[in-house]
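User: I am new to this structure and would like to go through it by question and answer. Please show it first.

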Amino acid sequence: MPIHVERNHTPGIDPAIRKIRNSRRWRDQVRPRQLRDFPYCVCCDALGRLREATQVDHIVPLSEGGAPYDPANLQSLCIHCHARKTAAENRDRNIQGVVY
């Protein structure tokens, strides 16, 4: 029997955060504008590498009260840098005793 997985579904994500990630505003306006205006990974750029960004990251995570649509809270990242940043944030949450 096939298992239905909701788009952008990550177990343990707050439903309010999931709603933002799946919103039409995020999908059709905010994310495309960020990647258009800032098409390269900011982390790679800081290391002198040029890599296309495919992910839009919240500098202050939504789970910590970051503004979901504020361009000042967004950065373009490649998939590798985004995964590394997310893993570090998850480790920090677990160290602080917060269950993700």
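User: How many bridges join β1 to β2?

Analyst: The model is a predicted one. In it, β1 and β2 run antiparallel. The number of bridges joining the strands is 4.

User: In what order do the elements of the protein run from the N terminus?

Analyst: The protein has 4 helices and 2 strands. Starting at the N terminus, the order is α-α-α-β-β-α.

User: Which residues of β2 point the other way from Leu74 and Ser76?

Analyst: In a regular strand, side chains alternate between the two faces of the sheet. In β2, Leu74 and Ser76 point one way, and these two are buried. The residues pointing the other way, also buried, are Gln75 and Leu77.

User: Which residue has a side chain joined to that of tyrosine 69 by a polar contact?

Analyst: Leaving out residues up to four places away in sequence, tyrosine 69 touches Ile20, Ser23, Arg25, Trp26 and Val30. The polar contact between side chains has a length of 3.2 Å. The partner is serine 23.

User: What is the distance of arginine 25 from the ring centre of tyrosine 69?

Analyst: Arg25 is among the residues that tyrosine 69 touches. Arginine 25 lies over the face of the tyrosine 69 ring. From the ring centre, the distance is 4.0 Å.

Note on methods:
Residues numbered from 1 in each chain as written. Predicted model: local features only at pLDDT ≥ 70, side-chain atom pairs only at ≥ 80, totals over all residues. Heavy atoms only, no water. Contact = heavy atoms within 4.5 Å. Polar contact = N/O pair within 3.5 Å; in protein donor to acceptor, adjacent residues only side chain to side chain. Lys NZ or Arg CZ within 6 Å of the ring centre and 35° of its normal. Buried < 20%, exposed > 50% of the residue type's maximum accessible area, 1.4 Å probe, protein only. Pairing = 2+ DSSP bridges.
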